Amino acid sequence: MSKSISETLATYATGLKFTDLPPQVIQQAKSCILDIVGCTWAGAHTDMGKKLIELAVINGGPGNTSIVGSNLKTSAWSGGFANGFNANIESLDDVYEGSYYHPGATAISSALAVAEAENCSGKDLIVAVVASYEIAIRIALAINPSHYEYWHTTGTVGTFAAAIAASLLLGLSEQQIVWALGNAGTQASGLGQYAEDGAMSKPLHPANAVKNGLTAAYLAKANFTGAKHIFEGDKGFGAATAKEVDNQLYTAGLGEHYLILEVSPKQHASCFYTHPTINASLKLRETLQEKINAIDKVVIYTDKTSAQVSSRTEVSEAHHGKFSMGFCFSLGMVVGRVGRDEFLPEALNNPEVRELFAKTSVVVETSFSEGFPRRKRSKVEVTLTDGTVITEKIDTNGGHPLTFTEVTDKVRYVIGMDEPTLNTLTTGLKQLESITGLKDYWKTFADMDEADYDR
């Protein structure tokens, strides 16, 4: 009898060893960890992030998992929940283009929580992160694009990512990992209505994915069984959440082609679908210079999906602006960057940004859907008051991984981490494979104490 998809994934996961990993994969894993820890640190400093930290500590009680950005510790479940939430809240977490999925917020938040709680080694952490990325990205590719019509992939697939990372760090057997995947799948959730309504729910999805994935792994450790055919079963994850599924993609190229090498850290603090337009705005800013004030109207041409997800015309909150192509374009043109600070209230209400935003419109260009989402395009037509029309086109295809140095610059300039904390973080990650025990390791990146929380 042939193996189920879960059994094949479990065999791959348990067979992956640190010595098997090419040097570039190890380095990319470190870059991904740096990126997500930076994103989590940023989220911990937001008002919403602080409230989630309070909630996590109250409900989780004492434990051995640090909440990144604070000096507080709680249970692995609650710590992972808070870190998963904060990793995603600023919309700066990494993405695998073409999968509709942001892998790091769940894979790394889960791995950090368990690695610290169980005092695992740096090598163990790297292997868990790589395995989680490789498996979860393939799950996302197998079920999309139809899954994304209703479901937030980072929340649903992220539950499997968290379960895999936690399972490896807990030392589970193949059979136990199959059970963990089964129980991760039955908990996977996250509906896309948040984007339609402009609600705050998005970071709740990866937060719950981490918590539920950890639950699945710890239950499996106690020999709590889960569905063996959770992916391909008639009432399984694929059948329930996607109109079209390619079962071959769940396992294609495992151990041969490392998808983690194609993951793109985000360079703008907004929905990834706005990024081609932001890049166009930055080029137009250089072209127009002092003529920016002479803009009469702006037409942004994009694909159907990007228009549906990120063409909000009413922006009253930061999370609205992150899903508004016109607003992000205006930030790029007026401010020259779209980082964390550009969504603070004073920047959000910048009169120059608002004036330009009112002149923007989004139009669906049907031809831009060809090759989407791996290929993303934006064409921006700017009409000046004298009738001059200036056009900028952006055409991207595939992942755009950053080097460790480039991710460091992102954490420094886009996220805004202070230099002492950043230096401690990068120094530790460069020697991660030599660390034998990670207990208390992530608490090193704390710069807030209990006085920062109203508990």
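Visitor: Which residues is alanine 117 in contact with, leaving aside its neighbours within four places in sequence?

Guide: They are Asn64, Thr65 and Ala76, where contact means heavy atoms within 4.5 Å. This is a predicted model, in which local features need pLDDT of at least 70 and side-chain atom pairs count only at pLDDT 80 or more, while totals for chains, interfaces and linings use all residues. Residues are numbered from 1 along each chain as its sequence is written, and side-chain values use heavy atoms, with hydrogens and water left out.

Visitor: Why is alanine 117 called partly exposed?

Guide: Buried means under 20% relative accessible area, exposed means over 50%, and partly exposed is in between (1.4 Å probe, protein chains only). Alanine 117 has a relative accessibility of 25%, and therefore counts as partly exposed. The residue lies in helix α5 (residues 104–117); helices are DSSP runs of H or I with at least four residues, strands are runs of E with at least two, and both are numbered from the N terminus.

Visitor: How far apart are alanine 117 and leucine 438 in sequence and in space?

Guide: They are 321 residues apart in sequence and 8.2 Å apart in space, C-alpha to C-alpha.

Visitor: What makes glutamate 90 and arginine 340 a salt bridge?

Guide: The term requires a side-chain nitrogen of Lys or Arg within 4 Å of a carboxyl oxygen of Asp or Glu. The N to O distance for glutamate 90 and arginine 340 is 3.3 Å, and their side chains meet in a salt bridge. Glutamate 90 lies in the loop between α4 (76–88) and α5, and arginine 340 in the loop between α15 (325–334) and α16 (345–348), so the pair ties together parts that are 250 residues apart in sequence. Glu90 and Arg340 are also linked with Lys322 in a network of salt bridges.

Visitor: Why do glutamate 90 and arginine 340 count as buried?

Guide: Glutamate 90 has 10% relative accessibility and therefore counts as buried. Arginine 340, at 15%, counts as buried too.

Visitor: Are glutamate 342 and arginine 337 buried or partly exposed?

Guide: Glutamate 342 counts as buried because its relative accessibility is 7%, whereas arginine 337, at 33%, counts as partly exposed. Their side chains meet in a salt bridge with an N to O distance of 3.1 Å.

Visitor: How do you know that glutamate 355 forms a salt bridge with lysine 359?

Guide: The closest N and O atoms of glutamate 355 and lysine 359 are 3.9 Å apart, and the limit is 4 Å. Lysine 359 counts as partly exposed, because its relative accessibility is 26%. A search of the whole structure finds 15 salt bridges.

Visitor: Why is threonine 426 called buried?

Guide: Its relative accessibility is 8%, so threonine 426 counts as buried. Threonine 426 is placed in helix α19 (residues 419–430) and touches Leu34, Phe404 and Thr408, not counting residues up to four places away in sequence.

Visitor: What makes the chain as compact as a globular protein of that length?

Guide: The secondary structure of the chain comes to 19 helices and six strands. The radius of gyration is 21 Å, close to the 23 Å that the globule rule gives for 455 residues, so the chain is as compact as a globular protein of that length. This radius is taken over C-alpha atoms, and the rule is 2.2 Å times the number of residues to the power 0.38. Of the 455 residues, 60% count as buried.
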